[in-house]
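Student: I have a protein structure open and would like to talk it through with someone. Could we go over it step by step?

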Amino acid sequence: MRRFTSIADIVSGPGLASALTDALTLKAEPWRYPEVGRRKTLGLLFMNPSLRTRMSTQKAATLLGMDTMVLNAGSDSWTLETRDGVIMEGGATEHIKEAAAVMGQYCDILGIRTFAGLQDRDADYNERILESFIRYAGVPVVSLESATRHPLQSFADLITIETLKRKPRPKVVLTWAPHPKALPQAVANSFSEWMMQADVDFIITHPDGYDLAPSFTQGAVVTHDQRAAFEGADFIYAKNWSSYTDYGQILSKDMDWTVTAEKMRLTNDARFMHCLPVRRNMIVADEVLDGPWSVVIEQAANRVVSAQTMLLHMLRELAR
Ligand code: CP
């Protein structure tokens, strides 16, 4: 793989089934390939905060023998201008063209985290910043969450479902839940995109006005009746996102959408999933997060597995 920005890169590369087999092997045996990344450097650029992505991707690189360099844009590197053709008289010090090209000189693979701005839907959905890095870096690029997708998270989510499912084709529900701030649609888009390719029955439930971009949900069952969606579910995946149609707007903070124990009892003893960080007693009640349903810590642990699998495939491609 020369890039990993969506499930399409896995499907057109090793294939989803093969990548999943590799992931399960690495989950069982994390130190299986300690030399494959020797003398290779992974650069990680964070334009937004992170705990899990930052640590799990570094851990994955270590397991493969890679060196890692981490930069936080704007605090320990220069602030970046991302627009083309502008007079740089504002706050940004360095253009993404030079920054990406220079980082490509120091690193064999680059990882980029860049959230949606939630102001300009076209700019976000065209992935202007991520695509600029891919264009100018000259080395393979991994998305550490972009404006519209979070593929390393979704791959970890799929690994979690595969390892914990109790029937061949589980029912998986993605439910919107309330949050005080406007959040991007990236995790929900990406999870939907991956579930559409997985061997699961997939249902999305959200309040009116929260339809995701059709390109991510085509073929999915969508309902505004959260309780009906929960009935018989094997996995509940909670996430907040802001409106796609009223772009970036908060249309509801209705606490009746919070995932509670009473709702979990409607399910087939479902596992509760969330990508973290999670707002307790907004998204999900303490009793669910602290109870037997929750698999959020195992889900976060699988972030190492998804990153290691993806880096392994990229390193093999570099070695060809
Ligand atoms: N789930 C996730 O990406 O967590 P971080 O934002 O902490 O990296």
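This is a predicted model: local features need pLDDT of at least 70, side-chain atom pairs count only at pLDDT 80 or more; totals for chains, interfaces and linings use all residues.

Student: Ok, let's start with α2. How many residues does α2 have, and how far does it reach?

Tutor: Helix α2 covers residues 16-28, which makes 13 residues, and from its first C-alpha to its last it reaches 18 Å, close to the 18 Å expected at 1.5 Å a residue.

Student: Which residues in α2 are buried?

Tutor: The buried ones in α2 are L16, A19, L20, A23 and L26. They sit on the same side of α2, because the arc they cover around the axis is only 125°.

Student: Why would residues three or four places apart point the same way?

Tutor: An α-helix has 3.6 residues a turn, so residues with that spacing point the same way.

Student: And what about the other side of α2, which residues are exposed there?

Tutor: On that other side, A17 and A28 are exposed.

Student: What covers the buried residues of α2?

Tutor: The cover includes α1 (7-11), α7 (151-164), α8 (186-197) and α13 (296-319).

Student: You mentioned α7, so how many of its residues are buried?

Tutor: In α7, 11 of the 14 residues are buried, so this helix is mostly covered. The buried residues include P151, L152, Q153 and S154, and F155, A156 and D157 are also among them.

Student: Switching topic: which residues are around the ligand?

Tutor: Around the ligand you will find S50, L51, R52, T53, R113, H150, Q153, C275, L276 and R303. Notice that Q153 is also one of the buried residues of α7.

Student: Which atom of the ligand is 3.0 Å from the side chain of Q153?

Tutor: For Q153, an N or O atom of the side chain is 3.0 Å from a nitrogen atom of the ligand. With S50 and T53 the ligand atom is an oxygen: an N or O atom in the side chain of S50 is 2.6 Å from an oxygen atom of the ligand, and a polar side-chain atom of T53 lies 2.7 Å from an oxygen atom of the ligand. The protein buries 93% of the 260 Å² that the ligand exposes when taken alone.

Student: L276 was on that list, so where is L276 found?

Tutor: L276 is found in the loop between β12 and α12, and at 16% relative accessibility it counts as buried, because the cut-off for buried is under 20%. The phi of L276 is positive, about 65°, although L276 is not a glycine, and a cis peptide bond with omega of about 0° joins L276 and P277.

Student: What do most residues and peptide bonds do instead?

Tutor: Most residues other than glycine have a negative phi, and most peptide bonds are trans.

Student: Last one: what does the side chain of T205 have 3.0 Å away?

Tutor: A polar atom of the T205 side chain lies 3.0 Å from the backbone oxygen of T223. T205 is found in strand β9 (residues 201-205) and is buried, with a relative accessible area of 0%.

How values were computed. Residues are numbered from 1 along each chain as its sequence is written. Side-chain values use heavy atoms; hydrogens and water are left out. Helices (H or I, at least four residues) and strands (E, at least two) are DSSP runs, numbered from the N terminus. The expected span of a helix is 1.5 Å times one less than its number of residues. Buried means under 20% relative accessible area, exposed over 50%, partly exposed in between (1.4 Å probe, protein chains only). The arc is that of the directions from the helix axis to the C-beta atoms. Contact means heavy atoms within 4.5 Å. A residue is near a molecule or strand if one of its heavy atoms lies within 4 Å of it. A polar contact is a pair of N or O atoms within 3.5 Å; within protein, one must be able to donate a hydrogen and the other to accept it, and residues adjacent in sequence count only if both atoms are side-chain atoms. Accessible areas come from the Shrake-Rupley method with a 1.4 Å probe; for residues, only the protein chains shown count as cover.
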